Amino acid sequence: MFSRNSATDRFFGLKAFAVFLLAVLFFSWGTGNTSLWDIDEPIYAQSLKDQIAQHNLVVPTFNARLMPDKPALNYWLMWTGVKMLGMNSWGLRIGSAVVGALLILYLITALRRLYGENIALISGLLTATALHSTVIFRGATPDPLLILTVTIALLSYLRGYLFPGIRRRELPIAYAAMAFATLDKGPIGFLLPGLIIVLFLLLRRELSFLWREGRLAWGVPIFLIITLPWYLAVGVETHWAWDRAFIFKQNIGRFSDSMQGHRGPWVYYLLSTFLGMLPWSIFLPQVFRDIWASRQHFLHSQPKTLFLLVWAAAWIGFFTLSATKLPNYVWEAYPPLFILLAAYFEKVRAGASRPARWGLALSLGALFLIGLALSIFAGWIVPRVEPRLPNMVEIGVPYLLAAGIACALLWRQRWAQAWVTLGIGGVALTALLVFVITPPFNVVKPSREMGQRIAALQGQQSYRLASWQWFQPNFLFYAGRGNMPIHHLQALTELPAVLGPEPLYLVCPEHAVAAVRAAVPAAYQQQTVMQRYEIYNHENIALLRISPRTKSLDHAVAPY
């Protein structure tokens, strides 16, 4: 992206690499402080355990069944982290942290030619310090890879469109990135980027660019070479059962009907995008007002801005129409908005735009109120709903302080100092979340402790797992070994069929313990190993050990 023969370019490259290293540290610090969060993280983690135990990184499975939720790329990323750091929160999440840092590095290097060094660096820093970045790049999910690959695909295509001299390089990169996005999350990896590119070219009345100069003759083979081998391999190995379930249930089904209760109103993504991009989203009204002022010559004189707006609007609009709604689904719309914010900040700093003071005061007032609402919610409402969690009133303090100080600085037109203050506020909130707010949740997520207790009792001896009226994927991940399945009892009359010569560890709500005891055959004995409160279902969960009476226990078991 930069010339090695230029001292200026080398210095910029060093700055970009330094930001990358800081981003790796920022996204990875405290990554292993908490156990996996149900339900997505442990599902993908247990699926990886299954694949490793079966020596098969082609076919995703979960609990002895096909796992058609997502393709293979993210499993391979998690596998790399596990090989380095072990099968734990650190190993499973470190890949996402590195991918987040790579996103920052790519934004900085790719935007330099499009917008200049200042905007490129600001875009990367805004992306790194946003609220949702704290969540998305610390999770063992496929979303970080999709964000990175989609961003590379669209920005590379824009660079190829605008700069004919690098078109031969950038457009194949765009097609390869779409292929990897498809290998990470499915058809959405090429359908939505393709839709965005087509809409942009239609608005520019240059749709013929696709086949005249769009390198499709190179792009289609590149795409197929990357994606087809795995999709064909998993199809052949599962007699196409995985492919059918993935396309019709996980893609068409998610769009046409809400899954796992994830639904919301049509404004869902407008609100989630605003909250996820904090603290920077408070200035989006000023950005859109500035763009609106140049609307008369917009389509022809500002192709970069048009492309970014189409990118954000199409991505958010598509998922607004979808029945299944989750905040992570529209993170791919954040990069173009961060770029527009960075361009606006630089315009203000350079004196090319003078925002109204009252508008800035309203924006920072909104951030102050959000910080106040966070503190009230975490310090007063949460302890009332969940008395087992500590008072977390400090969560809103970074936004409260940053808004107040930045308001004073902006009033004096000290723009750079104000942006830095807000960035420090974002970093401070991340530190609070990682080191203070989330670790106490381990106490009310008992699955990891239950798994540790089973391991202490069983050692290397074999055992089985079962559940009755309660299950979280975290329990299977922490309590099981390799691809060990868990038996989900539909009725207690099924219990005798599950029992065998090995101990059976059964989890159920505390109120169901008496019924389980009554269903245990006379030839078996039952002990309550542990009872813990669980935050997801808001009730006490019991871990029972059911073993044959004819065999003495190797360890004394007592509830604790």
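Predicted model: local features only at pLDDT ≥ 70, side-chain atom pairs only at ≥ 80, totals over all residues.
Residues are numbered from 1 along each chain as its sequence is written.

Two packed helices are described by the angle between their axes and the distance between the axes. Helices here are DSSP runs (H or I, at least four residues), numbered from the N terminus. Axes are lines fitted to C-alpha atoms over the stretch in contact, and angles run from 0 to 180 degrees between N-to-C directions.

Helix H4 spans residues 89-115 and helix H7 spans residues 143-162. Their axes lie 9 Å apart, at an angle of about 10°. H4 and H7 are therefore roughly parallel to each other. Angles under 35 degrees count as roughly parallel, over 145 as roughly antiparallel, 65 to 115 as roughly perpendicular and the rest as oblique. Contact means heavy atoms within 4.5 Å. On H4, the contact residues include Val99, Leu103, Tyr106, Leu107 and Arg113. On H7, they include Leu145, Leu148, Ile152, Leu155 and Arg159. By class, this contact of H4 with H7 holds 16 nonpolar, 4 polar and 2 charged residues. Ala, Val, Leu, Ile, Met, Phe, Trp, Tyr, Cys and Pro count as nonpolar, Asp, Glu, Lys and Arg as charged, and the others, Gly among them, as polar.

Helix H3 (residues 73-85) also packs on H4, with an angle of about 120° and axes 7 Å apart. That makes H3 oblique to H4. H3 and H4 cross in a right-handed sense. From H3, Leu77, Met78, Gly81, Val82 and Leu85 take part. Their partners in H4 include Trp90, Leu92, Ile94 and Val99. The contact of H3 with H4 has 8 nonpolar and 4 polar residues, and no charged ones.

Arg167 is found in helix H8 (residues 167-185). Arg167 is buried, with a relative accessible area of 7%. Buried means under 20% relative accessible area, exposed over 50%, and partly exposed in between (1.4 Å probe, protein chains only). The Arg167 side chain reaches two backbone oxygens: that of Gly160 at 2.7 Å and that of Tyr161 at 2.9 Å. Not counting residues up to four places away in sequence, Arg167 touches Gly160, Tyr161, Pro172, Phe209, Glu213 and Arg215.

Most residues other than glycine have a negative phi, and most peptide bonds are trans. Two cis bonds are described here. One joins Asp38 and Ile39, with omega about 5°. Ile39 sits in the loop between helix H1 (7-28) and helix H2 (40-53). The other runs from Leu278 to Pro279, with omega near 5°. Pro279 is placed in the loop between helix H13 (268-276) and helix H14 (284-292).

Positive phi values follow. His239, not a glycine, has a phi of about 55°. His239 lies between helix H11 (216-237) and helix H12 (241-256), in a loop. His239 is exposed, at 64% relative accessible area. Gln413, also not a glycine, has a positive phi of about 60°. The loop holding Gln413 is between helix H19 (397-411) and helix H20 (415-437). Gln413 is partly exposed, at 35%.

How values were computed. Heavy atoms only, no water. Helix = DSSP H or I, 4+ residues; strand = E, 2+ residues; numbered from the N terminus. Polar contact = N/O pair within 3.5 Å; in protein donor to acceptor, adjacent residues only side chain to side chain. Left-handed = near helix turned anticlockwise from the far one by under 90°.
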